[in-house]
Amino acid sequence: MKLFEQININGVVLKNRIVMAPMDTEISLASEEAREYYAKRAEGGAGLVIVEGISAELFANNDFVVDLALLAERIQHYGAKVIMQLTLHSLTNTISQTICQASVHELEFYQQTICNAATACSRAGFDGIEIHGAHGYLLSQFYSPQSNKRKDLYGGCPENRMRFAVECIIKLRSQLRKNFILSYRLSADELQPNGVKLDESIQLALALERAGTDMIHVSAGIGGDTVPDASQPAGVFADYANAMKQAVKIPVICVGRIETPAFAESILHEGKADLVALGRPLLADPFWPKKALEGRANEIVHCKYCNKCLRTISRGEPIICAVNPEFSSYRSAKNETPNCPSDLQANISLQL
Ligand SMILES: Cc1cc2nc3c(=O)[nH]c(=O)nc-3n(C[C@H](O)[C@H](O)[C@H](O)COP(=O)(O)O)c2cc1C
Ligand code: SF4
């Protein structure tokens, strides 16, 4: 199966094409529970684990390296590679103001904040990072004509609106070690009346590729649209991934309601993407990849796409899954975290 072919991303070899999508857990990343949760997904066979989005600003006042190193080690123990998703701010009404009012000097400060966080992840032994440029967070708001009303070099035409992200990638590339994955997640279509559409996302992806990005992770939407429920068709964002794949040369990840190994295989086989990311399917059954590899797909416990997991973390409670009892043991993780810097704990909030 193509699903189990290796792939080399900037010198980092993944054992297969199955990626664990980033999912906020509301469990402290410094806790043993978080290590257990992520290690189980690695043990289950995912080739690449993307750890949930955390805000790059948190690294300014905290040294997470020791805690993150423990986490990375546990995941890598099972032969998976691990990258950290980094974002800037959570989704608040003030982001548009930030974009409109920030001076060029402040923009450079934000970019360096991301670089410092990425460097810390590198020191912790992570195999790379993913920039969260999707779902309405700061970087995507920068590119969206709906929110970016700047009149200077960072606003107006697409080339100007993408400048912030492109400069970020150039700086990251120049400051990070070789063989460190730089992935960029974007919403191919923001699914908003005045939001970014596919043709503009392709322009962005091409510019990011030229700037040194190693991989494009193709999501879609803002807010609830980003996590399609049972009313949506399987592979709901696969056509976006396909369009992106035809445009760029770097590897493309497809995500969104990829339920079965056969369906995942068809996405790769038809050349729509180079990798498939599974979010909720790996909450429901962390051993999805292993069962697929061993011809036991019929034993996979399937996600119902009920979004109970999402509703739980949206209330700030540790994640649970309607079909997987494993999560009951993580319920207390939020409060039993002796190593966890309090800001990290408090601030790992909903980062979809
Ligand atoms: C509980 C939960 C938390 C999520 N947290 C994040 C996140 O931190 N960053 C992100 O980019 N996407 C996040 N997402 C979106 C997923 O990465 C993924 O794109 C989405 O769930 C669709 O994939 P799936 O159908 O395989 O679950 C989250 C989704 C869920 C269900
Ligand atoms: S809670 Fe529902 S949507 Fe979330 S992973 Fe479990 S079955 Fe899937």
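The expected span of a helix is 1.5 Å times one less than its number of residues. The exercises below concern a predicted model.

**Exercise 1.** Determine how the reach of helix H7 compares with the expected span.

*Solution.* Helix H7 covers residues 163-175, which is 13 residues. From the first C-alpha to the last, H7 reaches 18 Å. At 1.5 Å a residue, 18 Å is expected, and the reach of H7 is close to that value.

**Exercise 2.** Identify the buried residues of H7 and name elements that cover them.

*Solution.* A residue is buried if 20 or more other C-beta atoms lie within 10 Å of its own. In H7 the buried residues are Arg-163, Phe-164, Ala-165, Cys-168, Ile-169 and Leu-172. Their cover includes the helices H4 (104-123), H5 (138-143), H6 (158-161) and H8 (198-211). The strands E6 (128-133) and E7 (181-187) also belong to this cover.

**Exercise 3.** Describe the shell around ligand 1 by its residues, its elements and its classes.

*Solution.* Ligand 1 is surrounded by 28 residues, of which Ala-21, Met-23, Gly-53, Gly-279 and Arg-280 are the closest. At least two shell residues come from each of strand E4 (48-55), helix H11 (280-284) and helix H13 (308-314). H13 gives the largest share, 3 residues. Sorted by class, the shell holds 14 nonpolar, 9 polar and 5 charged residues.

Conventions
Residues numbered from 1 in each chain as written. Chains lettered and ligands numbered in written order. Predicted model: local features only at pLDDT ≥ 70, side-chain atom pairs only at ≥ 80, totals over all residues. Near = placed C-beta within 6 Å. Helix = DSSP H or I, 4+ residues; strand = E, 2+ residues; numbered from the N terminus. Nonpolar A, V, L, I, M, F, W, Y, C, P; charged D, E, K, R; others polar. Buried ≥ 20, exposed ≤ 12 C-beta atoms within 10 Å, placed from the backbone. Contact = placed C-beta atoms within 7 Å.
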